[in-house]
Amino acid sequence: MESTLHPDTTIGQVTLNISDLAQSLDFYQNKLGFQVIKRTSTVAHLSVDGRNSLLVLEEVENAVAKPQQTTGLYHFAILVPNRLSLALALRKLLEIGYPLQGAADHDFSEAVYLSDPDGNGVEIYRDRDRSEWKYDDHGYVYAPTVPLDAEGLLQEAEGGQWNGMPVGTVIGHIHLHVGQLEATETFYIQGLGFDPTVYIGNHALFVAAGGYHHHVGLNIWAGKGAPEPPENAVGLKEYTLILAGQKDLENAALRLENIKASFEYENNTITTRDPSGNRI
């Protein structure tokens, strides 16, 4: 499936609003194994290679929990480089007794699900080789949800040592609650230039560049017409898309203009919001 966006398009960093920086750092450093590369009293940048920031934590004054039936973060997904890395991460979480919310085999990937101390959804996953992915008659990625073979996965970790998040780990995708699927589809496909890769009934859509299974997941599970959360709610502040070059950036600006989406374009950066207020 040919992508309007260059295949090298990726998710860059995810910025989260949190209620307590020390509490969040204990989770992301000690339980997931990220490194802090920059920190103030209220903001921390996290990395796996000591250089590139994948996650930014921002402590919000008078933070409140994100109301359930609102738009925003469903989860962000940490893509580890191989099955061993996923096995070691799972074993670590089980050893410390951290509560998991689920574990699944999606055919294209194996994944475990949990949330941080503020309830921000986190997925840790590994991709199967693209040669193993299956497709339906329309060319969309086959995306079932079946139980993870946790026992088989943990066998991979035998004799291995957990040393935190391995170099090569990236933010693989982000999954968002939106209020309206049709307008959101127009924004991400006609506006940003993604291709649709998975439709789940009439309530969820995955989009990607370069034939990936999904860079962005979008669902209306918080309710059709769900409002935005309050400004001081914990959750997603913004996420970054890294485009492959100037041409892609200019094309994105033209497409956003064509669909009459509001955006700012300066210093080789477009800043915009999807129809549900998710900031990109």
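This is a predicted model: local features need pLDDT of at least 70, side-chain atom pairs count only at pLDDT 80 or more; totals for chains, interfaces and linings use all residues.
Tyrosine 188 is buried, at 0% relative accessibility, where buried means under 20% relative accessible area, exposed over 50% and partly exposed in between, with a 1.4 Å probe and protein chains only.

Residues are numbered from 1 along each chain as its sequence is written, and side-chain values use heavy atoms, with hydrogens and water left out.

Next, the record. UniProt, in an unreviewed entry, lists "domain: VOC" at residues 10-127 and 170-280; its positions follow the numbering used here, feature names are shortened, and annotations may be inferred rather than shown by experiment. Residues 10-127 are 20% helix and 44% strand, with end C-alpha atoms 15 Å apart. For residues 170-280 the figures are 22% helix, 35% strand and 17 Å. Helices (H or I, at least four residues) and strands (E, at least two) are DSSP runs, numbered from the N terminus.

Now the rings. The whole structure has ten aromatic pairs. Phenylalanine 27 and tyrosine 28 make an edge-to-face pair, 4.7 Å centre to centre with 85° between the planes. Rings of Phe, Tyr and Trp (its six-membered ring) pair if their centres lie within 6.5 Å; planes under 30 degrees apart are stacked, over 60 edge-to-face, the rest tilted. Phenylalanine 27 is buried at 1%, and tyrosine 28 at 0%. Phenylalanine 187 and tyrosine 188 are also edge-to-face, at 5.1 Å and 80°. Phenylalanine 187 is buried at 3%.
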